[in-house]
Amino acid sequence: MKELLRKNIAQLKPYSCARDEFKGGNADTIFLDANESPYSIENPLNRYPDPLQWELKEEITRLKGVAAGNIFLGNGSDEAIDLIFRIFCNPGEDNVVAISPSYGMYSVCADINDIEYREVALRDEFTLNVDDIMDKLDDKTKVIFICSPNNPTGGTYRKEIEALLARKPHCIVVVDEAYADFCPDKSVRGLIPQEPLLMVLSTFSKAWASAGVRLGMAFASEEIIGVMNKVKYPYNVNLLTQRYALDLLRNHKQELDEWVDMTIKERERVMKEFARLPICQKVFPSEANFFLAKVDDANATYMSLAQAGIIVRNRNSVSQCEGCLRITIGTKEENDALITALRPLSIYTLHTTHYSLK
Ligand SMILES: *Cc1c(COP(=O)(O)O)cnc(C)c1O
């Protein structure tokens, strides 16, 4: 792993904050070390939070079976993605490889950091060929991104990821599992103890029903997590977020599980109903909380739905997703409204009504 680090990062002496230098204390301890206010309208928000979020990580360990030293927490998984670039990729020099179509954040982060972004096109039916990835690698490749289940296509790649790891590419392999809570048996998180270059991303934003909170996770070797902790902002996860997440995991786990079960059941039902719509050409298999569907005219269908007050994601302009909409699974009522709005549509009604794309 060390050889993959940027030189400046390998040599970095991290900022040492007050909470790193003295740990512990009790209710009687007098803290005059961090220039905090002794006053507060809500205790202990006047104090800096735990920079490494140990209490929350222990709760995540109970849930995910990953040791606390193998967990990084950040401001959404986007923070972890950004850190990966800043830790491993030399601007103007290195490259990363990612499947396509996939999540847009990887290429945006690559552009921001002036890193070449090499796309591996998925094959028919969005299958992944491991040779296609291996062919793109060279000695300047620092990271491979594989999103599984993939956004926006919905499929998983557990077997392909195992085959890729078996070929020992000399780079970090990031598996983005933002949606794996909807198909836990497809997660590769369990491989981390034997795969020193594997990183798995997870998030509170989807199955954990907390997108507004901004809390993401990365699981990897202690060595990688140690570097991420050195490079991140010292107090990157605020106290309100840590407190919220602790309460969520301690007191609302059963609701979260029920919501995931409901979403999966609804996904199966809505996909079947969608496939029977006159405008539907194809529904792609999904293991996430959304599905991709090809329709007769994606732009006109999108506009028609928007006029009915239903917003879906138009993927028509994404390579290999021409004619496709990505549809998130909502509540039963929301899903029924979607199907009801789509049922009367046909190529004929779409083309005789003028939906303008402003
Ligand atoms: C939604 C999503 C995320 C989550 O990002 P956060 O910053 O944690 O909200 C990550 N990866 C993919 C592929 C996603 O679709």
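Is Cys-109 buried or exposed? Cys-109 has 3% relative accessibility, so it counts as buried (under 20% relative accessible area, with exposed over 50% and partly exposed in between, using a 1.4 Å probe and protein chains only).

A note before the views: this is a predicted model, in which local features need pLDDT of at least 70, side-chain atom pairs count only at pLDDT 80 or more, and totals for chains, interfaces and linings use all residues. Residues are numbered from 1 along each chain as its sequence is written, and side-chain values use heavy atoms, leaving out hydrogens and water.

View A. With a disulfide taken as a pair of cysteine sulfur atoms within 2.5 Å, the count is zero. For Cys-109, the nearest cysteine sulfur belongs to Cys-89, 10.0 Å away. Cys-280 is in no disulfide either, as the sulfur of Cys-324 lies 9.8 Å from its own. Cys-280 is buried, at 15% relative accessible area.

**View B. An open sheet of seven strands.** The order is β1-β7-β6-β5-β4-β2-β3, with mixed pairing; strands are DSSP runs of E, at least two residues, numbered from the N terminus, and two of them pair if DSSP finds at least two bridges between them. At the edges stand β1 (71–74) and β3 (116–121), each with a single partner strand, so one side of each has no neighbour in the sheet.

**View C. Strands β5 and β6 side by side.** Residues 172–176 (β5) and 198–203 (β6) run parallel, joined by four bridges. Look for Val-173, whose bridge partner in β6 is Leu-198.
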